[in-house]
Amino acid sequence: MSTSPAGSPAKSFSLPTGPWIGFAAVLALFTALIGIQGELGTFLSLGNLRVMLHEGTVPAIVALGMLLVLISGGIDLSVGATVALVTVVTMRVYTAMYTSSGPSPTNSLVAIVAGVSAGGVCGLVNGLLVTKLQLPPFVATLGMFGIARGIAVWLAGRTTLPFPLGGSPEWVDTVGRVSLTNPGLWSLVLLAILTAVLLKLTVFGRHLYAVGSNESTARLCGVNVTRTKLLVYALAGLLTGWAGVILFAHSNSGNPTLGEQLELDVITAVVIGGASLSGGKGTVVGAMLGVLILILIKNGVSLFNVPVEMQYVLIGALLIANVSLNRWRQGKGR
């Protein structure tokens with residue numbers, strides 16, 4: 001745990017300079033490298049920027065939930081499996097309603113609510129396991145990872161679920177389209193603002209930083225630690241559920257294999273953005289910059305035709321390097 005005093009999270013609200021420097025450095029690096037190869041226009045073109053924003057929408061929404069969990073001193077390793085489960089549940093519910101009553105906006109609404117609720121249930125169970133059974137977050141969410149992935153595969157019948165013939169609703173095409181007016185992208189902007197307000201201007205936000213900084217002190221100060229943690233995991237689950245619905249539209253299917261490595265991407269992005277794995281630290285701006293840095297790196301190396309496996313190696317190395325650097329800084333400051 002961090003030694004920051006409970007109830008004084010003002011330092012955590014300051015805009016992080018490190019992620020801005022990292023973002024500028026990564027942008028300059030790939031601009032220079034790709035420019036040398038004569039592909040500068042490809043990397044900085046409006047079309048490629050739209051693609052990067054489109055690809056970053058799902059991990060960015062999940063990152064908002066992961067930020068809340070990390071600030072509380074926890075971690076969530078189940079997000080990848082949860083988004084896969086959400087896509088399958090959404091498709092199953094939509095297909096069942098479409099088959100029984102035909103095309104209707106109600107079908108889509110019910111399917112979306114079912115998908116987001118599935119994510120919320122996963123988050124709530126994570127919270128109960130952490131708070132009521134006192135399981136370490138690593139163990140609880142790793143268990144949920146297996147449960148959610150298994151249920152998703154079972155519900156999907158070990159295959160990818162397509163829309164029923166002629167049953168793809170218009171909103172799926174709209175959200176799946178690569179565009180700056182994409183509703184999914186703008187929902188991310190709204191959720192990021194709401195999360196920042198939650199952290200900075202509400203009692204819950206102050207309690208969250210206090211719990212993550214020093215749980216014992218927060219409890220002595222009157223903070224309901226159990227309720228705060230339970231709410232954090234439930235909110236994170238709902239955000240992951242919404243991200244799963246967006247991914248459902250992007251993939252145009254219910255797919256139990258989606259979301260692989262998403263937890264690694266998101267945790268790396270949020271930590272690069274300044275959040276601490278020890279809790280009590282992190283901002284929305286930093287988390288979003290972390291996602292942007294990660295998307296820039298993945299997009300940049302893909303232009304060099306770097307294999308996906310090497311991208312995993314690079315992201316893992318980034319996480320280790322960032323945490324090691326933070327540990328070194330903390331040790332130097334003592």
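Buried residues make up 48% of the 334 residues in the protein. This is a predicted model, in which local features need pLDDT of at least 70, side-chain atom pairs count only at pLDDT 80 or more, and totals for chains, interfaces and linings use all residues. Residues are numbered from 1 along each chain as its sequence is written, and side-chain values use heavy atoms, with hydrogens and water left out.

Q: Why is Ala-218 called buried?
A: Buried means under 20% relative accessible area, exposed means over 50%, and partly exposed lies in between (1.4 Å probe, protein chains only). Ala-218 has a relative accessible area of 0%, so it counts as buried. You can find Ala-218 in helix H11 (residues 215-220).

Q: Why is Leu-292 called partly exposed?
A: Its relative accessible area is 36%, so Leu-292 falls in the partly exposed class. Look for Leu-292 in helix H14 (residues 284-303).

Q: What makes a nonpolar patch on the surface, and which residues form it?
A: Patches are made of residues with over 30% relative accessible area and no salt bridge; like charges are joined within 9 Å, and nonpolar side chains (Val, Leu, Ile, Met, Phe, Trp, Tyr) within 5 Å. A salt bridge is a side-chain nitrogen of Lys or Arg within 4 Å of a carboxyl oxygen of Asp or Glu. Here the patch consists of Leu-46, Leu-49, Leu-53, Leu-180 and Leu-292, with about 390 Å² of accessible area together. Such areas come from the Shrake-Rupley method with a 1.4 Å probe; for residues, only the protein chains shown count as cover. Helix H4 (residues 46-71) gives the most to this patch, with three residues.

Q: How many helices and strands does the protein have?
A: The protein has 15 helices and zero strands. Helices (H or I, at least four residues) and strands (E, at least two) are DSSP runs, numbered from the N terminus.

Q: Why is the protein called as compact as a globular protein of its length?
A: The radius of gyration is taken over C-alpha atoms, and the globule rule is 2.2 Å times the number of residues to the power 0.38. The protein has a radius of gyration of 20 Å, close to the 20 Å that the rule gives for 334 residues, so it is as compact as a globular protein of that length.

Q: What share of the contacts with a separation of 6 or more links residues 24 or more positions apart?
A: That share is 80%, where contact means heavy atoms within 4.5 Å.
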